[in-house]
2 protein chains.
Amino acid sequence: MTQVLLEITMSLDGYVAGPDATLEDPLGVGGMALHDWVFRIAAWRDAHGLEGGEEDADSELMRTTTARTGSVVMGRKMFSGGEGPWEDDPNANGWWGDEPPFHAPVFVVTHHPREPLVLSDTTFTFVDGVEAAVQQAQAAAGERVVHVSGGADVAQQCLRAGLVDELLLHIAPIFLGSGRRLFEDTGALPLADARITSSPFVTHVAGRL
Amino acid sequence: MTQVLLEITMSLDGYVAGPDATLEDPLGVGGMALHDWVFRIAAWRDAHGLEGGEEDADSELMRTTTARTGSVVMGRKMFSGGEGPWEDDPNANGWWGDEPPFHAPVFVVTHHPREPLVLSDTTFTFVDGVEAAVQQAQAAAGERVVHVSGGADVAQQCLRAGLVDELLLHIAPIFLGSGRRLFEDTGALPLADARITSSPFVTHVAGRL
């Protein structure tokens, strides 16, 4: 069975989005700082068509993960700033621009059905329900893994449904105080073969569930 | 002003004790595994009068922290397995034995007043209220820092009252699923000068609040 990897960045107090998150601002107040560690690395800048950035261990970890990724599952908020239904929505193409950084098929979990959207080398397919989205992503991943990218809702649904085989958790050295917690009613997950690494900017905890 | 350091170990899902914690089992179901990283190091074994253990970076960090500690603040559960009132309690001397590992004055936050207890080189003083306990610990710490050691109640009260100057958070690579969360209604703490290190067994995040 094609393996499913959940990769997500969390604050020290366990939030993956700050307070007052909306479809227009899905990371909530202060939530963008979760990703400060990634904006500085070369692998992230490459994927976004940008020059420069640090070629350090954080960047190497992202390159390894990207190379393993055959398809992506994400929630509707992560796809788009728009409210839907899509046909009326000025943000119907999401906010990832004409050159999305995924470079793999993306399956968006949504209750608003629509035709697939092709932008450069990325096809977004819209699927009602997280289990169906993971299943379609597995079929599309080939020899690689399905990358569950968030947000909180989709990550929690995948954890609760036992769909995640592998966890790659980044812990940013910030507190958000409130917002969306990642590990909420997700149980005492049995993390095996834990691998812990860190840089001055972030902690990485990987393992099998 | 004498600085106050909060040092505590948390699970990946943010718990400092597992479910069903009691005075007899204050770490709750699975909670002892939070401290697996510490049982193996030489610094911890030294403090407990035991031989051996690893002399690695984790151990060095603990030695540095111990050397900086002038006094200790802890909650009643952390002090004792007993229910009190103390005079009737078979566990009135706590469960740290005749040679407690603190080697510094300890201030126990409790609503059950009693006379100070001297065990080997440690004097336990019982104080009603966390602010008063920290104040007395500051007076006793000399040039060193006050070490707030837990548990969750005392740690949270100190964070909410703005009594903590410095945080040393250890994150163990386990999930507890439920229990006592450390960062609950503690706000968006302004962590400054964050220093992140890790070993194969644990992550350390230090910084100023």
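The structure described here is a predicted model. The buried residues of H3(A) are A:Asp58, A:Ser59, A:Met62 and A:Thr65. Viewed down the helix axis, these buried residues fall within an arc of 125 degrees, so they line one face of H3(A).

The helix comprises 12 residues, 57-68. The N-terminal end of H3(A) is capped by A:Asp56, of which a side-chain oxygen lies 3.3 Å from the backbone nitrogen of A:Asp58.

A buried position was also examined in a strand. A:Ile8 belongs to strand S1 of chain A, which covers residues 4-11. Its relative accessible area is 8%, and A:Ile8 therefore counts as buried, the cut-off being under 20%. Beyond its neighbours within four places in sequence, A:Ile8 is in contact with A:Val16, A:Gly150, A:Gly151, A:Ala155, A:Leu168, A:Leu169, A:His170 and A:Leu182. The C-alpha atom of A:Ile8 is separated by 9.8 Å from that of A:His35, a residue 27 positions away along the chain.

Cysteine positions were considered next. A:Cys158 has a relative accessibility of 0% and is therefore classed as buried. B:Cys158 is likewise buried, with a relative accessible area of 0%. A search of the whole structure finds 0 disulfides over all chains.

Key
Residues numbered from 1 in each chain as written. Chains lettered and ligands numbered in written order. Predicted model: local features only at pLDDT ≥ 70, side-chain atom pairs only at ≥ 80, totals over all residues. Heavy atoms only, no water. Disulfide = S-S within 2.5 Å. Buried < 20%, exposed > 50% of the residue type's maximum accessible area, 1.4 Å probe, protein only. Helix = DSSP H or I, 4+ residues; strand = E, 2+ residues; numbered from the N terminus. Contact = heavy atoms within 4.5 Å. Expected span 1.5 Å × (residues − 1). Arc of directions from axis to C-beta. Polar contact = N/O pair within 3.5 Å; in protein donor to acceptor, adjacent residues only side chain to side chain.
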